[in-house]
Amino acid sequence: MHLLNLGILAHVDAGKTSLTERLLHSVGVIDEIGSVDAGSTQTDTLALERRRGITIKSAVVSFAVDDVTVNLIDTPGHPDFIAEVERVLGVLDGAVLVVSAVEGVQAQTRVLMRTLQRLRIPTLVFVNKIDRRGARYDGVLRAIVERLTPAVVPMGTVAGLGAREARFIPEIGAYDVLADHDDDLLSAYVEGRVGADLLHRALVAQTRQALVHPVYFGSAVTGAGVSELITGIKELLPAADGDPEGPVSGTVFKVDRGPAGEKVAYARLFSGTLGIRDRVPFGEARTEGRITAISVFDGGTETRREAVPANRIAKLWGLADIRIGDALGEPRKAHGHFFAPPSLETVVVPGPDTDARSLHLALTQLAEQDPLIDLRHDEVRQETSVSLYGEVQKEVVQATLAEEFGLDVTFRETTPLCIERPAGSGTAAEFIKKDANPFLATVGLRVDPAPVGSGVAFRLEVELGAMPYAFFKAVEDTVRETLHQGLEGWQVTDCTVTMTHSGYWPRQSHAHQGFDKSMSSTGADFRGLTPLVLVEALRRAGTQVYEPMHRFRIEAPADTLGALLPVLAALRAVPQTTETRGDRCVLEGAVPAARVHALEQRLPGLTRGEGELESGFDHYAPVSHGTVPRRPRSDHNPLNRKEYLLNVTRRVGG
């Protein structure tokens, strides 16, 4: 029995969840096809998903096709939930990318295909909705070639396009695309002796290597083309090939909570076998957890098992500290992030009857399921901020808090998540018992700019043996923590922090008495002093605030260009290329992340509803318009020495 972990991906409303339902019905897992509109689908299990008709969380369901067991993962299509898609990509053996025959290639379709190709995940393309009025064959196929990839192999044609009776007629074409990667096939093609067996072998080999992408046409509603797609899934996509006898190695791609509030980890096992009562290390800290229960997906249901072997996807209980993205057992090579992090932020405002402690607990649980929410709590103002991809995600967080936790919240206006970078170099130092330093520690730091994208590096110019290692570690950890809030309150990045001075008082004690804190340095001294020294070095270096910029691509009727350009200028969008293709124009450029939502709202009215916008984070640019945005601090504010020392030591210094 072969195993295949398959992802279904698409732009929102292309029919991805409907296709999942049709697949499950076709292979006999369900007797009746669920409806997205009616909220009766197998994979959209959240009440919010069923009411809104969109997928928010990835879901797993299993079915068999002859001797192949498929674990199918339905993923969100809306770009606000791209982080959910990212987590799934790392556990897939193959994918089906769904495209609408009516709307064609859309913004998210392009983003997904680029990522699938970068990760070399074997992918079939299914063009859905051939039964709908306005469905196209040649136009969509041409758009796939031009906007997704030229390496496509049409697997057939369509009869009765745009009518309920539309059907898919299997017929492999585009021999030349296959011949580009196969010398034997090229020779046979030139000599006119291409046989079905040779063609099929080349198609299987090249699809499994992600060199070509077979394209099927059909309808999830009527079932046209779905049996051919199922055959393609079975024959063309590669089976998982992990060794059940090897060392345990897996990845957690989703975390939920069970009825009793316990954590449940969804994991793909790449190697080895994991059983109940087994202890397994996980995460960066390599904490050991003990598996207390296991269930696998089988025949459309979850089944409890004593063990889960390599290649399977399972739900695991007992790992209390598990987080999304954690490696189980031996870590595999990390892919890193496939998509940009959120570039927006908002403050959660509790309603009049909402308990702040309950809200914080609920938000913490949501952050477990989506770490990119990135909670930021301001103790002084008693406010909590969350990071976001867009306005739909904000609405979903609000509805989830109301429905699952009974908490009423609103949000402040969404603002961009800026960063700070050092403008130059700056040094500062404080010495034990000098200059009103109340801490038994000497710390000197220098801040220097570093290349864009390099993050934060910590280095030593003092001897590592000059004081206990724990004190150096306390300084480094505090440096990294303090840099989360720069001179203007934004995270400081792309810099090198060098420790230039160090000093401590060794452990002291009076005769016949124990340890005397007043005469001995502790880690708390270094953690308390480091922020004061670091922000002074930052002051002397100066920082520049950068705002997130999105690249955009707008395709719209050419005669609407005159109306588009002034609005783009008002939104501080800068078109960099403009191209006219017949009666259509394509504009590409950059726009501040804070203005993307406004552009999305304005575009339909400016383009008679025919404009298409694709955008995504691209880079950070210096803030050059208006006042420099500031972010309220949520720490003890080392920028104000008197306030900081009152909060940290209850003593006033200097």
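**Cavity lining and helix packing**

Reply: The lining of the largest cavity divides into 7 nonpolar residues, no polar ones and 2 charged ones, where Ala, Val, Leu, Ile, Met, Phe, Trp, Tyr, Cys and Pro count as nonpolar, Asp, Glu, Lys and Arg as charged, and the others, Gly among them, as polar. The model is predicted, so that local features need pLDDT of at least 70 and side-chain atom pairs count only at pLDDT 80 or more, whereas totals for chains, interfaces and linings use all residues. Residues are numbered from 1 along each chain as its sequence is written, and side-chain values use heavy atoms, with hydrogens and water left out.

A search of the whole structure finds 1 cavity of 30 Å³ or more, a cavity being a set of points, on a 1 Å grid over the protein atoms alone, where a 1.4 Å probe fits but cannot get out. The largest cavity has a volume of about 40 Å³, taken as the space filled by probe spheres set on the points, which are joined across faces, edges and corners. Its lining, meaning residues with an atom within 4 Å of a point, consists of Ala267, Arg268, Leu269, Leu274, Val308, Arg312, Ala314, Leu316 and Leu328. The elements that contribute two or more residues to this lining are β11 (263-271) and β18 (313-317), and β11 supplies the largest share, 3 residues; strands (E, at least two residues) and helices (H or I, at least four) are DSSP runs numbered from the N terminus.

Turning to helix packing, the axes of α12 (residues 469-482) and α13 come within 8 Å and cross at roughly 45°, the axes being lines fitted to C-alpha atoms over the stretch in contact, with angles from 0 to 180 degrees between N-to-C directions. The two helices are therefore oblique to each other, given that angles under 35 degrees count as roughly parallel, over 145 as roughly antiparallel, 65 to 115 as roughly perpendicular and the rest as oblique. On the α12 side the contact, meaning heavy atoms within 4.5 Å, is made by Phe471, Ala474, Val475, Thr478, Val479 and Thr482, and on the α13 side by Gly523, Phe526, Arg527, Thr530, Pro531, Leu534 and Val535. By class, this contact has 8 nonpolar, 4 polar and 1 charged residues.

Helix α13 (residues 523-541) also packs against α16 (residues 641-648), their axes coming within 11 Å and crossing at roughly 165°, and α13 and α16 are therefore roughly antiparallel to each other. Here Arg527, Gly528, Pro531 and Leu532 of α13 meet Arg641, Tyr644, Leu645 and Val648 of α16, a contact that divides into 5 nonpolar, 1 polar and 2 charged residues.

Key. 1 Å grid on protein atoms, 1.4 Å probe; cavity = no way out; pocket = protein on both sides within 12 Å on 5 of 7 lines; lining within 4 Å.
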